[in-house]
Amino acid sequence: MEFGSAHSLYLALSGCRSSLLYSGAFTDARTADLVAWGEALLDAEERPTLRNRLTFVMVEAYQNIVRHRALVGSELERGAGRSLFLLRHQASGNEVVAVNPVLRDEAGGLRSLLERLRGLDIAQLKQLFLQRLRAEERTTRGGAGLGLIEMARRSGQEMGHVLTAIDEAHELFMLRVIVGGTSVVSADASALRALHEVVVREDVLLAATGLFAPAIQRVVVRLVADEMELSGEPRAPVMRIMHAAFGLVDTLGLDREGALLVVHRGANGPALALMVRVDASLADRLLMAHASIQEADPARREVIYRNTLLDRPDGVDREFLGLLELQRSCAEPVRVELGRTADGMHILIHSCL
């Protein structure tokens, strides 16, 4: 993954307590993991009503992609018509974004329904839901827009949306819902398109930011292992690499603002990228530790690993134990790249999966 692309994702997904972007195989099996992620975010707040509302919106938005996205060819599916699910958790509210292709013949009905929902209060939304349920209005894949109506009711405010033509037969539908916020939202078309472009260009399967509490780490590891298993990758090595990556974040003490973790399809197969903001001192020490790890052959690396665990001389600093474990778990050299941007100095760590 290019440094610029990783930094674009970092900026797009940062600025909140935690975020999860998913753009892999949209199957029903992913629903439970997304619910677990949302519950892990809100557990500490002990707000069951908000948690129930967020869970409903997340599931409905995800199922909207699974059930109602247009079936397109592989080139369009991994290109301009790529589907995407995003959850951002922040103090001002929880943002759920769903992106998927729709048939142009159905886009007009979507626009009409979403415009009709504008300004309706909770009672009016409930009445419209019951009216459409009785009328049994359906598209060719079912629906009648009942999920959209109910998401608007659970959200308590207007939903933002964008529909953009991607070819003669399809449009890309972008939906944004806020749960727990207080302000009316509108979809930021330019920001969503820019994010979508990075996901397409780098073939991103999953990206996450935040402080990565243990419950959230477990969800991410399971999601990535499930995704790789669909591609024929064994679970155990993938899980070791993911645990090593999270261990690196933990031992570096980056709980002040968190990190960006990305799983994508690279030129040589599935890959992991980890971006963290660092100061000059930490960057120098990390680059030196990485150099010593890469200079060692596998046997020598095991000696360094044991010495590090036992706090013996000739190891690496314990704060870089995660980097050492990442290289021990990866069959290819782990790469470390330092970059300076307007918002500070960042380290980008690349490994295989």
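Biologist: With which side chain does the side chain of Asp203 make a polar contact at 2.8 Å?

Modeller: In this predicted model, the side chain of Asp203 makes that polar contact with the side chain of Arg265. A polar contact also links the side chain of Asp203 to the side chain of Arg78, at 2.3 Å.

Biologist: Where is Asp203 found?

Modeller: Asp203 lies in the loop between helix H8 (189-202) and strand S6 (204-210).

Biologist: Is Asp203 buried or exposed?

Modeller: Asp203 is buried, because its relative accessible area of 9% falls under the 20% limit.

Biologist: Which residues does Asp203 touch, leaving out those up to four places away in sequence?

Modeller: Asp203 touches Arg78, Arg82, Val198, His264 and Arg265. The backbone deserves a remark as well: Asp203 has a positive phi of about 50°, although it is not a glycine.

Biologist: What about Asp314, and what is its phi?

Modeller: Asp314 is a residue other than glycine with a positive phi, near 70°. Asp314 sits in the loop between helix H12 (298-309) and helix H13 (321-329). Asp314 is partly exposed, with a relative accessible area of 45%.

Biologist: Turning to the sheet, in what order do the strands come?

Modeller: The open sheet is formed by 10 strands in the order S4-S5-S3-S2-S1-S6-S7-S8-S10-S9, and the pairing is antiparallel. S4 and strand S9 (335-341) stand at the edges, each with a single partner strand, so one side of each is left without a neighbour in the sheet. From one strand to the next, the twist averages 15°.

Biologist: How many bridges pair S4 with S5?

Modeller: Strand S4 (residues 160-165) and strand S5 (residues 170-179) pair over six bridges in the antiparallel sense. S4 and S5 form a hairpin, with four residues between them. Within this pair, Ala165 stands opposite Glu171 in S5.

Biologist: And how many bridges join S3 to S5?

Modeller: Strand S3 (residues 93-103) is joined to S5 by 10 bridges, and the two run antiparallel. The bridge partner of Pro101 in S5 is Leu172.

Biologist: Which strands does helix H3 touch where it packs on the sheet?

Modeller: Helix H3 (residues 48-68) touches strand S1 (18-22), strand S2 (84-90), S3 and S5, and its direction makes about 15° with that of S3. H8 also packs on the sheet, touching S1, S2, S3, S4, S5, S6 and strand S7 (259-266). The direction of H8 makes about 115° with that of S5.

Biologist: Next, the helix pair H9 and H10. At what angle do their axes cross?

Modeller: The axes of helix H9 (residues 214-230) and helix H10 (residues 235-251) cross at roughly 145° and come within 9 Å. The crossing is right-handed.

Biologist: Which residues of H9 and H10 meet?

Modeller: On the H9 side they are Gln217, Val220, Val221, Arg222, Val224, Ala225, Asp226, Met228 and Glu229. On the H10 side they are Arg235, Val238, Met239, Met242, His243, Phe246 and Asp250. The residues of this contact divide into nine nonpolar, two polar and five charged.

Biologist: One last residue. Where is the place of Ala291?

Modeller: Ala291 belongs to helix H11 (residues 280-295). Ala291 is partly exposed, with a relative accessible area of 31%.

Biologist: How many residues separate Ala291 and Arg335 in sequence?

Modeller: Ala291 and Arg335 are 44 residues apart in sequence, and their C-alpha atoms are 9.8 Å apart in space.

How values were computed: Residues are numbered from 1 along each chain as its sequence is written. This is a predicted model: local features need pLDDT of at least 70, side-chain atom pairs count only at pLDDT 80 or more; totals for chains, interfaces and linings use all residues. Side-chain values use heavy atoms; hydrogens and water are left out. Buried means under 20% relative accessible area, exposed over 50%, partly exposed in between (1.4 Å probe, protein chains only). A polar contact is a pair of N or O atoms within 3.5 Å; within protein, one must be able to donate a hydrogen and the other to accept it, and residues adjacent in sequence count only if both atoms are side-chain atoms. Contact means heavy atoms within 4.5 Å. Two strands pair if DSSP finds at least two bridges between them. Axes are lines fitted to C-alpha atoms, for helices over the stretch in contact, and angles run from 0 to 180 degrees between N-to-C directions. A crossing is left-handed if the near helix is turned anticlockwise from the far one by less than a right angle, and right-handed if clockwise. Ala, Val, Leu, Ile, Met, Phe, Trp, Tyr, Cys and Pro count as nonpolar, Asp, Glu, Lys and Arg as charged, and the others, Gly among them, as polar.
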